[in-house]
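Please load the model in your viewer and keep the selection tool at hand.

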Amino acid sequence: MKKILTITITFLIILSLVYSVVAQTEEATSSAEASPSAKVEVDETVKEFKERVAKLAEAGRSEQQAQSGRVTLIKDNTLTVLTNDNETYKIVVEKDMTMIYSLVNGVKKEKEFGDIVKGDYIIVNGPIMDKTINANSVYIDDQYKLQSGKVTEINKEDYYLNILNSDKENDLVDIETYTKIFLINIKTLESERIGFTKLKVGDTIHIVYKQDNTTDKSEKRYSATRILVIPQEYFLQ
Amino acid sequence: MKKETIVALILGIGFGLIVAILMIVRTRPQTSQNSNTITNSVSNAPTKPVNQSLVTNLEITSPKDKTITKSNSVTISGKATKNSMIIIQSAAKDIIIKNKEINFKVDMPLTLGENVIQINVYPDDKNIPYQNKQLQVYYLEE
């Protein structure tokens, strides 16, 4: 009996010693791991704070900041604008203080606040503070967009192209009478004007188009203003 | 001390050591696994594969996005992989150049109002992927 008791006690003593050593090592490891993450968290908070202060200082210092977007709401002397980045800005227009112009078709004309309608694309110039812009000037403008992709289908009856755009989505590009198409000479890198019939499936194209809110076209169908073609031979060189 | 007690002590120490060795051996893989995770997470951070030394990420040094200017043109300068076909496109104009050096510089005409400018880079080495960047420049004459 005494023998068993001695064996058990010695065994337990050694076991408890080993356990405490292992536990201490793990604790030390976890505490050592926790400190860098806590430091990173503090660093990020400080960074965010610094960025916010810098932003506010910049807004106060510079009046030359601009933002553009489509008017979604007009109420009293304020406009609500949705930017291309899907951010909403409140634009405060001061009567007799804010200058309003139209730049549509490249011609600058003076306008009134009442000329701005919902859906207009505008550029606003003025100090920006927390998504609010006290407008120095508002410009009603055309919105041009750029897209690129590979031609996957050419419809020669209805004059449109089906392209796989850079976001791997399909777009329909209408070729209008005003659409200008240019082809890059892969040796000289000069571009020359070509006709619709010269386009080939597999060509890479860069498109400029005007975003038109007055038509029923979806976002995935647009009329090209200008197309620059990189022939597929360029990629086989 | 009795002979029996000494034998019991030796047996106790022996068992204790065996269990201790087992515990150490079992916990060692966990520790090394933990350190592996850390090593992996560090090694997963952006590293350059060998051929990446020839690749330059497209960088536009000037102008900054949403710049306002009173001039009807802007100088676009930046960095891109050497010997790339660079297409700079806006509603006003398309400019196509080949950069013999990493740095490039192009004068781009502007139209009144917003100018969305896209810089597209097609490296000569077709294994290097196409890159592009877009910026908005406002030409607002007062």
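Leaving aside its neighbours within four places in sequence, with which residues is I86(B) in contact? Select I86(B) together with A80(B), I97(B), N99(B), F104(B), I119(B), N120(B) and V121(B), which are its contacts beyond those neighbours; two residues are in contact if their C-beta atoms, placed from the backbone, lie within 7 Å. The model is predicted: local features need pLDDT of at least 70 and side-chain atom pairs count only at pLDDT 80 or more, while totals for chains, interfaces and linings use all residues. Residues are numbered from 1 along each chain as its sequence is written, and chains are lettered from A and ligands numbered from 1 in the order in which they are written.

**The core**

Next, display the largest nonpolar core, which has 56 residues. Such a core is a set of buried Ala, Val, Leu, Ile, Met, Phe, Trp, Tyr and Cys residues joined through C-beta atoms within 7 Å; buried requires 20 or more other C-beta atoms within 10 Å of a residue's own, with C-beta atoms placed from the backbone. The members that touch the most others are I122(A), V124(A), Y139(A), V229(A) and I86(B). Strand β16 of chain A (residues 221-230) gives the most to this core, namely six residues.

**The sheets of chain B**

Select the five strands of the open, mixed sheet, ordered β2-β8-β7-β4-β5. Its edge strands in chain B are β2 (67-69) and β5 (94-99), each pairing on one side only. Two strands pair if DSSP finds at least two bridges between them. Strand β4(B) (residues 84-89) runs antiparallel to β5(B) over six bridges, and S84(B) has N99(B) as its bridge partner in β5(B).

Move to the open antiparallel sheet of chain B, with three strands in the order β1-β3-β6. At its edges lie β1 (59-62) and β6 (103-109). Three antiparallel bridges connect β1(B) with β3(B) (residues 73-79); in β3(B), S77(B) is the bridge partner of S62(B).

**A hairpin in chain A**

Finally, select β13(A) (residues 180-184) and β14(A) (residues 191-194), antiparallel strands joined by four bridges. L183(A) has its bridge partner, E192(A), in β14(A). Six residues lie between the strands of this hairpin, where L189(A) takes a positive phi near 60°.

Terms used. A residue is buried if 20 or more other C-beta atoms lie within 10 Å of its own, exposed if 12 or fewer, and partly exposed in between; C-beta atoms are placed from the backbone. Helices (H or I, at least four residues) and strands (E, at least two) are DSSP runs, numbered from the N terminus.
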